[in-house]
Amino acid sequence: MKQSIGIGLMGMGVVGGGVVDVLFDKEERLAKLIGAPLSLKRVLVRDVNKPRAVGLCDGMLTANADDILDNPDVDIVIEVMGGEQPALDYIMKSISLGKHVVTANKEVMAKHGAEILTHAREQGVQVLFEASVAGGTPIIAPLLRDLVTNDVISINGIINGTTNYILTKMAQEGQDFGVALSAAQELGYAESDPTNDVEGIDAAYKLAILSTLAFRARVSDADVYSEGITHLTAQDFRYASELGYAIKLLAIASKTDGAVHARVHPAMVRSDVMLAKVDGVLNAIEVQTDLAGRVLFHGRGAGDLPTTSAVLADVVNIARDVVGGAPPPPPPSLSDDVSISPISALETKYYMRLNVAERPGVFAQILKVLGDLDISIASAIQKETDDAARRAEIVLMTHRAKEASVQSALQAIGRLEVVNEIGSLIRVEEWD
Ligand SMILES: NC(=O)c1ccc[n+]([C@@H]2O[C@H](COP(=O)([O-])OP(=O)(O)OC[C@H]3O[C@@H](n4cnc5c(N)ncnc54)[C@H](OP(=O)(O)O)[C@@H]3O)[C@@H](O)[C@H]2O)c1
């Protein structure tokens, strides 16, 4: 029986720092849970001379990954460096060398999850990645274990806390996007380069991971349609509220007739549905299945300690198997026989905000374009926005329509001489 479980930590930033703290603070508890103590062997960082909040014994830090990879005493590699490379290389090398891996890296898992899991299966090691989606809120282990006998019908979620914070500020305080983003940056909720969050890229990574596990299919980030929140304005939130809706950046996936449909974009949801009430930096994911029905996961999606909670849960699970000498449970096998349904195949309701000339017949011209493409209007609001300049704003809510038709209609409407600007197009999700 193993006397201790050796840990090699790759990265000691926000998450890695939390991991080291809790490894020390909860040392005894972890040893009891596992049946042997965890022993931190080396910690990989970029700059060994950088001042660190957490004190480590001399010689613990290294800038050379081989100090972990070639160390026979390292049983589990915790990768919390982030980025695609060299993280992917280190994960694959760890697996080749028979080391188990715990990672929080959504980018690597979204882009290379299938090859990593296949390699782990071949090498008989475990790769766990609970922290890669929704931080401290369990979702991956439930999909792999607790819901394993279910067929997942759909996943609907808010899986990016930064954008949810920004959208909450825009809705509750009438702020414009730039102002709300600055507030998020001041509070440390958004990075100085917020592109991955506000363009929907981070949420697309996470949805690819969830779709892969939920539908047991190879779904990568490239298969997820994604659109960010930068084009939303304070007006959109005012109109949404007038119409009884909230605007959220949603991650939505489903599987029908063997095809997976996965998309991330701002969407309107009725203000009385559960996801409409998830505010601030919180995450929430609703999984609908054939047996369990609707199951909700709700909690903190980021931060050092919530993410550490998920990382160390994975470490404990692997370490227990190592101590007990149990063979690692095989990673999920993924079907290749799944196609990806494009966004153009979507059928839903739409909100459109148009800036138009204030003159007779404008509305009729727009309705004609929509009618020709089989798009019917459920409601319309017209407001004069600038009397002197004779410009008005029109807001339309459509009945269910085909995405491809709506995109063609928008192009045609944009070409009308009476239309100054297409303000926004937001998809509307009609959920109970
Ligand atoms: N932050 C969160 O709340 C959160 C939540 C869920 C998941 N995650 C995921 O967790 C991972 C880590 O995030 P984080 O926020 O902790 O990142 P971070 O604060 O930027 O820390 C990254 C750490 O990795 C080290 N590192 C980066 N590139 C390296 C390289 N090429 N060689 C050696 N060391 C390298 C850095 O070294 P130096 O310290 O020397 O710069 C730093 O210690 C990411 O995959 C992220 O997506 C984060």
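I began with helix α12 and listed its buried residues: Thr307, Thr308, Ser309, Ala310, Val311, Leu312, Asp314, Val315, Asn317, Ile318, Ala319 and Val322. A reminder to myself: this is a predicted model.

Next I checked the span of α12. The helix covers residues 304–324, 21 residues in total, and runs 30 Å from its first C-alpha to its last. That is close to the 30 Å expected at 1.5 Å a residue. I then looked at what follows α12 and found glycine 325, with a positive phi near 70°.

Then I turned to the domains. The assignment lists domain 1 as 5–133 + 304–324, domain 2 as 140–300 and domain 3 as 344–429. I noted 28 Å between the C-alpha centres of domain 1 and domain 2.

Which residues do the touching between these two? I counted twelve residues of domain 1 in contact with 14 residues of domain 2. On the domain 1 side, helix α5 (residues 106–123) gives the most, with seven residues. Sorted by class, that side of domain 1 has six nonpolar, two polar and four charged residues.

My last stop was the ligand. How many residues surround the ligand? I found 23, and the closest are Gly11, Gly13, Gly82, Ala104 and Ala302. Helix α1 (residues 14–25) supplies the largest share of this shell, three residues. By class, I put down eleven nonpolar, eight polar and four charged residues for the shell around the ligand.

Note on methods. Residues are numbered from 1 along each chain as its sequence is written. This is a predicted model: local features need pLDDT of at least 70, side-chain atom pairs count only at pLDDT 80 or more; totals for chains, interfaces and linings use all residues. A residue is near a molecule or strand if its C-beta atom, placed from the backbone, lies within 6 Å of it. Helices (H or I, at least four residues) and strands (E, at least two) are DSSP runs, numbered from the N terminus. Ala, Val, Leu, Ile, Met, Phe, Trp, Tyr, Cys and Pro count as nonpolar, Asp, Glu, Lys and Arg as charged, and the others, Gly among them, as polar. Domain bounds come from an automatic or database domain assignment. Two residues are in contact if their C-beta atoms, placed from the backbone, lie within 7 Å. The expected span of a helix is 1.5 Å times one less than its number of residues. A residue is buried if 20 or more other C-beta atoms lie within 10 Å of its own, exposed if 12 or fewer, and partly exposed in between; C-beta atoms are placed from the backbone.
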